[in-house]
Each structure stands twice: as C-alpha cells, then as structure tokens.
Amino acid sequence: MRGPMKQIRLVVLGAGGVGKSSLVSQFMRGVFNTLYEPTVEDCYRHFLHLPGGNMHSIEILDTGGTHQFPAMQELNIKTAHGFIIVYSIDDAESFQEAHKLRKLVVNVKGTENIPLVMVGNKSDLAVDREVQKDEAVTAAREEWRCPFLETSAKYNRNVYDIFLALLNSIEAYERDSNKQEGSEKRRSSASKTISALKKLLRSKKTSSSRDEVVYYKTAHGTIIVFSINDAEIFKEPSKLRKLVVNVKGTENIPMVMVGNKSDLAVDREVQKDEAVTAAREEWRCPFLETSAKYNRNVYDIFLALLNSIEAWENRDSNKQKMSEKRRSSASKTISTLKKLLRSKSTSNSSNDDVFK
Ligand code: GDP
Ligand code: MG
C-alpha cells in the first residue's frame, strides 16, 4: 500500500535565452542542446519511492521568458517551495531582469524569507562577461540573502550544485517554519523528502562519471572528438584521453582523434597542423577532420579505428601467446566489419559528391 505523497516544487525563472531550459535539461537528462528553442512552459517531474511505501516527487517548472499569463505565473510562484533565478554572465540586461523577477517573487509570497538561489549561467563565456562575479556575490549576500553560483549548462559545471543549494535552503526554511508551528510530525516528513532528494542528487552527480569509467574499461577502441571551430573544446579531448589512459592503465590503446565540423572552416579556431602534431607526437594515433553534416570522412574514422584495433589485437596476442584460434576469430570479426564499412563508405561518398 502506498503512503502519502510529498511533493517539492521548484520554479526556474530568468530572462529568455539565459539557459534555463539548458540547465534543467542538463540536470534531468544530462543533455545539452546548442539550438535555442524558446520555452512556453515545461514541467519535469521525478518520482522517488522511499522505503515504507512513501512516494515523493520533485517537480521542476521551466518557465518561458514571456509573461502572457500573469495569473498563471502568480499561481506558479505561490505554490512553489523554491526558486532558481538565472541570468547570463554575458548579458547585463538579464541581470537586471533577475532582480525584477526576485522582486516579483517577494511580492507574491509577501515575504523576503524565500528559499532561492541566484545563478549566473554561461560561465564558459567569460571572455564576453558583462556581469562581474563580485557584483553578483555582493547582491546575493546583501540584498537577496541567498546562495549564488556561476554555472555552465554547456559543460555541466555546478549544475547539480544549484539544486543541492536550493534543497538545503528549503530544508532550513522548513525547519524554521515548523519550529514556529511546533509540529514535530510535519517536520520529520518534509525533511525526509528533502534528504531523499539530496541522496538522489548525490547519486546523479557521481553516476555519470561511474558510467563513463565502466564504458572505458570494456571498450576496444575510443573515438575522441573536438570541433575545429572551438578552441575551448579542443582542451577537453586531452583530458578525456588522460581519463581513458588512466582507466586502461596503458597509453597503448586503439584510438582516433577527430576534428569535426570541417565544413565550418571559416570559423576555424583549431589549426590542422596543431591537431596533426598532437595526434602524431602525443597521442600516437590517427587523426581525421570530419563533417558529420556532409558525411565527410565519417566512415574513415571507423575504418581507422578498426585498423588500430586489429594491430593492437595482433600485437597483444603475439605477446601473450594467445591461442591461434582466438586471434583468428578476432581478426575475422574485424575484417568483416571493415568489409561492411567499405561498402557503406562507397554508397555514401556518392551522396557526398551531390553536396559538393
Ligand atoms: P532559456 O530561454 O533561458 O531557456 O535558454 P536556453 O536554455 O534555451 O538557452 C539559450 C541559448 O543559450 C541556447 O542556444 C543554448 O545552447 C545556450 N546556452 C545555454 N546555456 C549555456 C551555457 O552554459 N554556455 C553557453 N555557451 N551557451 C549556453
Ligand atoms: Mg527555455
């Protein structure tokens, strides 16, 4: 039998385009989308089953920038337990909008004592910064009296921490208000919901990196991709390669380095020479520039990787005197895959020609 259901409702507010939907999507699904699709209003709900049959849920309301339905907005604010108010560090106007939204929340709630978190998103765009961190820290501490975090939805920086900070604030708030009401029973129920949510958060935060490690351990080959029009992203592959090398415990791993978006050569930030040199001298692996969009060199990535795996298998089996039978079975698999690739590659390069 099911016990009572407890619900925590969070609302994300901020000017259009600051990254509200991106933060929620990164948090809920671990996904970042570079396309901007204006939101009307999206609601995400996550259910938790607790021992003892209680069901709890966390509801996150991702709001649109437009206030076409003031009554709706007021109701959303009234019924929420906590607020995430987002601006973008590269947009001073969005910081002003954040202040207005906080005032609206204070007016609707009729108190300044509200669990909320101030978030400066797009911390990866520090070169275009218009809102100084100091300024935001001061406003959060002295005016808003709430936690402040700079985040990047794009690189998943500090995203879980927003939700953790907010849950901590709600917890403190509930503890205070129940103390005044003196209801021991209600306090313990609310704090159970929150501590279950906090546990969930912690597991989410660590589970993705655990998944990665498991994946690296069992993989036969790795393709590490950057995009040629983003020098910042070019730094990531080296980190990823180090992670793979650490998990595998050797530098001798079948791997291919890929510079994608070769069709965006006009916006090139990573020189081909630079990548070629890194691949040859540091990574010691093949390098290819590709365009997923125009299907340029895509099959070649997989062909290069299969060749590396083949070489690696042969070398390994010689060293460990692996049975002739197993070696031939592995090489059969690989040559079958290579045959498949070649047939795919030719059928698609004709498409490629159409695009040129
Ligand atoms: P919303 O209107 O507040 O929901 O904003 P969106 O989440 O739809 O994001 C607006 C645009 O900003 C999209 O093109 C996103 O890809 C981009 N964006 C969101 N977060 C970040 C971030 O942390 N860094 C960068 N560089 N871009 C971001
Ligand atoms: Mg949105």
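## Cores, ligand shell and helix packing in a predicted model

Of the 45 residues that make up the largest nonpolar core, the ones touching the most other members are Ile 84, Ile 85, Val 117 and Ile 162. Helix α5, which covers residues 159-181, gives the most to this core, with seven residues. A second, separate core consists of 19 residues, among them Ile 253, Met 257, Ile 301 and Ile 309. The model described here is a predicted one.

### The chain as a whole

The chain has 356 residues, of which 30% count as buried, and its secondary structure comprises ten helices and nine strands. Among the contacts between residues at least 6 apart in sequence, 70% join residues that are at least 24 apart.

### Residues of the largest core

Ile 84 belongs to strand β4, which runs through residues 82-88. Is Ile 84 buried or exposed? Ile 84 is buried, because 26 other C-beta atoms lie within 10 Å and the cut-off for a buried residue is 20 or more. When its neighbours within four places in sequence are left aside, Ile 84 is in contact with Leu 10, Val 12, Val 117, Val 119, Ile 162 and Leu 166.

Beyond its neighbours within four places in sequence, the contacts of Ile 162 are with Leu 23, Ile 84, Val 117, Val 119, Leu 149 and Thr 151.

Some residues that stand apart in sequence can also be described by the separation of their C-alpha atoms, as the table sets out.

| Residue pair | Separation along the chain | C-alpha to C-alpha distance |
|---|---|---|
| Ile 84 and Arg 102 | 18 residues | 9.7 Å |
| Ile 162 and Leu 23 | 139 residues | 9.4 Å |
| Asp 62 and Ser 21 | 41 residues | 6.2 Å |

With 22 C-beta neighbours inside 10 Å, Asp 62 counts as buried.

### The shell around ligand 1

Which residues come nearest to ligand 1? Of the 20 residues around ligand 1, those that come nearest are Gly 19, Lys 20, Ser 21, Ser 22 and Lys 154. Helix α1, spanning residues 20-29, supplies the largest share of this shell, namely three residues. By class, the residues of the shell around ligand 1 divide into twelve polar, four nonpolar and four charged.

### How α2 and α3 pack

Two packed helices are described by the angle between their axes together with the distance between those axes. Helix α2 (residues 70-79) and helix α3 (residues 92-109) pack at an angle of about 75°, and their axes are 9 Å apart. The two helices α2 and α3 are therefore roughly perpendicular to each other, since angles of 65 to 115 degrees are counted in that way. On the side of α2 the contact is made by Glu 74, Ile 77 and Lys 78, and on the side of α3 by Val 105, Val 108 and Lys 109. Sorted by class, the contact of α2 with α3 has three nonpolar and three charged residues, and no polar ones.

### Two residues with positive phi

Lys 261 has a phi near 65°, which is a positive value in a residue other than glycine. The place of Lys 261 is in the loop between β8 (255-260) and α8 (272-283). Lys 261 is buried, because 20 other C-beta atoms lie within 10 Å.

Arg 284 likewise has a positive phi, near 50°, in a residue other than glycine, and Arg 284 lies in the loop between α8 and β9 (287-289). Is Arg 284 buried or exposed? Arg 284 is exposed, because 11 other C-beta atoms lie within 10 Å and a residue with 12 or fewer counts as exposed.

Technical notes:
Residues numbered from 1 in each chain as written. Chains lettered and ligands numbered in written order. Predicted model: local features only at pLDDT ≥ 70, side-chain atom pairs only at ≥ 80, totals over all residues. Near = placed C-beta within 6 Å. Helix = DSSP H or I, 4+ residues; strand = E, 2+ residues; numbered from the N terminus. Nonpolar A, V, L, I, M, F, W, Y, C, P; charged D, E, K, R; others polar. Core = buried A, V, L, I, M, F, W, Y, C linked by C-beta atoms within 7 Å. Contact = placed C-beta atoms within 7 Å. Axes fitted to C-alpha atoms, helices over the stretch in contact; angles between N-to-C directions. Parallel < 35°, antiparallel > 145°, perpendicular 65-115°, else oblique.
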